[in-house]
Amino acid sequence: MRKALTAGALALAALLTNVVGATAASAEPAAVTYTAWTWNVSGHKMNRGATDNGLVEQAAGSIKRPENDVDFVSFNEICYSQYRSIRTALASWNPDNVSYARFQEAIPAGSTDTSEKRTPICGGEAFGKAVFSRHQLGKAEYHTFAQESGLFYRSADGVEHPVRNGMLCAPLVDREAMKFCSVHIGPISTTEKPYGYRQLVELDSLLDGFAAAGQTYMVAGDFNAQPHYERLNRFYDEEVPGFPTDEKPNYGDHRELDDTDPSCPGHGEETSINPAADVPCGKKQPKIDMIFVRTDRLASRDYTADSKAVPDCLALDADGKAEPGTATPCSDHRVVIGRATLLVDQAT
């Protein structure tokens with residue numbers, strides 16, 4: 001009897017060992033390759049909310065282009081009318097995915113700028129950022145920075161309000177530990193008005209929280225800062241090369257997907273078409289649009305990104321109507337497309 005019990009106990013122990021081993025194996029993170037696409041479309045400033053000037057077609061065409069193999073999309077400075085039209089244009093991107101679009105409002109519908117003319121923003125539509133995905137999205141996360149941007153608008157009742165920047169994220173339904181985020185950092189960041197810097201500190205804290213929760217992420221958007229600016233040192237991994245003008249080294253937890261570009265290592269290609277005097281590597285235009293991933297979530301260092309030329313749209317007349325036969329840049333930002341293979345925890 002004792003022998004039989006001992007044999008039974010050994011068999012049970014072996015079974016439990018196999019079960020534990022199988023659970024541990026299933027908990028191993030999966031290496032998954034994702035491609036992110038990001039564009040600040042200047043939906044109000046340059047396009048005035050237009051949807052018939054070619055902007056929608058240019059954006060959707062680039063996203064669906066097979067060679068780009070895009071998984072995630074980030075839009076900054078997009079009007080809700082443009083978001084709605086692009087959402088329709090991307091309905092065929094993955095017909096099986098009915099939950100592929102999210103929008104975060106920064107300025108509500110019916111608002112105007114603060115000039116004496118009180119020009120309607122986005123033709124009266126809401127203004128903000130958007131996320132699209134080829135994979136089904138879960139519940140959106142709307143993060144608004146406590147630090148205001150230093151920019152203002154007037155609501156429909158004429159009251160002046162600060163423009164609130166933030167980050168829009170959404171996890172994947174089939175991989176809950178993977179999320180994609182679109183962020184827009186305010187453009188004002190000086191010693192006297194360190195608004196952009198403070199928003200970056202908030203962003204860094206949010207991303208640390210994601211990592212502590214075991215989440216993998218890609219965060220893309222307009223950071224309104226060049227890679228060699230000190231306020232981005234908290235993002236760039238210490239292995240990312242700095243520049244002779246840097247007063248402090250990088251000390252962050254991320255790699256930016258264009259930071260290995262041979263034309264300017266540690267920096268990458270230009271993403272704005274507006275000239276700047278302080279761009280390194282002999283370049284004339286700054287890089288301010290970026291795609292970051294966490295270094296310890298990279299399955300390999302074989303990541304890459306590319307900055308695309310700004311396409312042309314139709315010019316708009318004084319009434320905001322598209323003028324046939326004309327051509328003008330769709331935006332003052334370039335599209336950035338980046339690809340990386342990431343470690344994503346699996347459900348156990």
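Is Asp-69, at 40% relative accessibility, buried, partly exposed or exposed? Select Asp-69 and take a look: at 40% it counts as partly exposed (buried means under 20% relative accessible area, exposed over 50%, and partly exposed in between, with a 1.4 Å probe and protein chains only).

Before we go on, keep in mind that this is a predicted model, where local features need pLDDT of at least 70, side-chain atom pairs count only at pLDDT 80 or more, and totals for chains, interfaces and linings use all residues. Residues are numbered from 1 along each chain as its sequence is written, and side-chain values use heavy atoms, with hydrogens and water left out.

**Stop 1: Asp-69 and its partner**

Stay on Asp-69, in the loop between helix 2 and strand 2 (helices are DSSP runs of H or I with at least four residues, strands are runs of E with at least two, and both are numbered from the N terminus). Its phi is near 50°, a positive value in a residue other than glycine.

The side chains of Arg-134 and Asp-69 meet in a salt bridge, at 3.7 Å from N to O (a salt bridge is a side-chain nitrogen of Lys or Arg within 4 Å of a carboxyl oxygen of Asp or Glu). The pair links distant parts of the chain, 65 residues apart, with Arg-134 in the loop between strand 4 (127–133) and strand 5 (141–144). Arg-134 has a relative accessible area of 24%, so this residue is partly exposed.

**Stop 2: Ser-42**

Next, pick Ser-42, in the loop between strand 1 (30–40) and helix 2. Here phi is again a positive value in a residue other than glycine, near 50°. Ser-42 has 1% relative accessibility, so it counts as buried.

**Stop 3: two helices**

Select residues 55–64 for helix 2 and residues 80–89 for helix 3: they pack at an angle of about 40°, with their axes 10 Å apart. The axes are lines fitted to C-alpha atoms, for helices over the stretch in contact, and angles run from 0 to 180 degrees between N-to-C directions. Helix 2 and helix 3 are therefore oblique to each other (under 35 degrees counts as roughly parallel, over 145 as roughly antiparallel, 65 to 115 as roughly perpendicular, and the rest as oblique).

Which residues meet here? Show the side chains: Leu-55, Val-56, Ala-59, Ala-60 and Lys-64 in helix 2 meet Gln-82, Ser-85, Ile-86 and Ala-89 in helix 3 (contact means heavy atoms within 4.5 Å).

**Stop 4**

Select Asp-208 and Arg-294, whose side chains meet in a salt bridge at 2.9 Å, N to O. Asp-208 sits in helix 4 (residues 195–212) and Arg-294 in strand 12 (residues 289–294), 86 residues apart. Asp-208 is partly exposed at 31% relative accessibility, whereas Arg-294 is buried, at 10%.

Finally, go to Glu-239 and Arg-255, which form a salt bridge with their closest N and O atoms 3.8 Å apart. Glu-239 is in the loop between strand 10 (216–222) and strand 11 (254–256), while Arg-255 is in strand 11, 16 residues apart. Glu-239 counts as exposed at 52% relative accessibility, but Arg-255 counts as buried at 7%.
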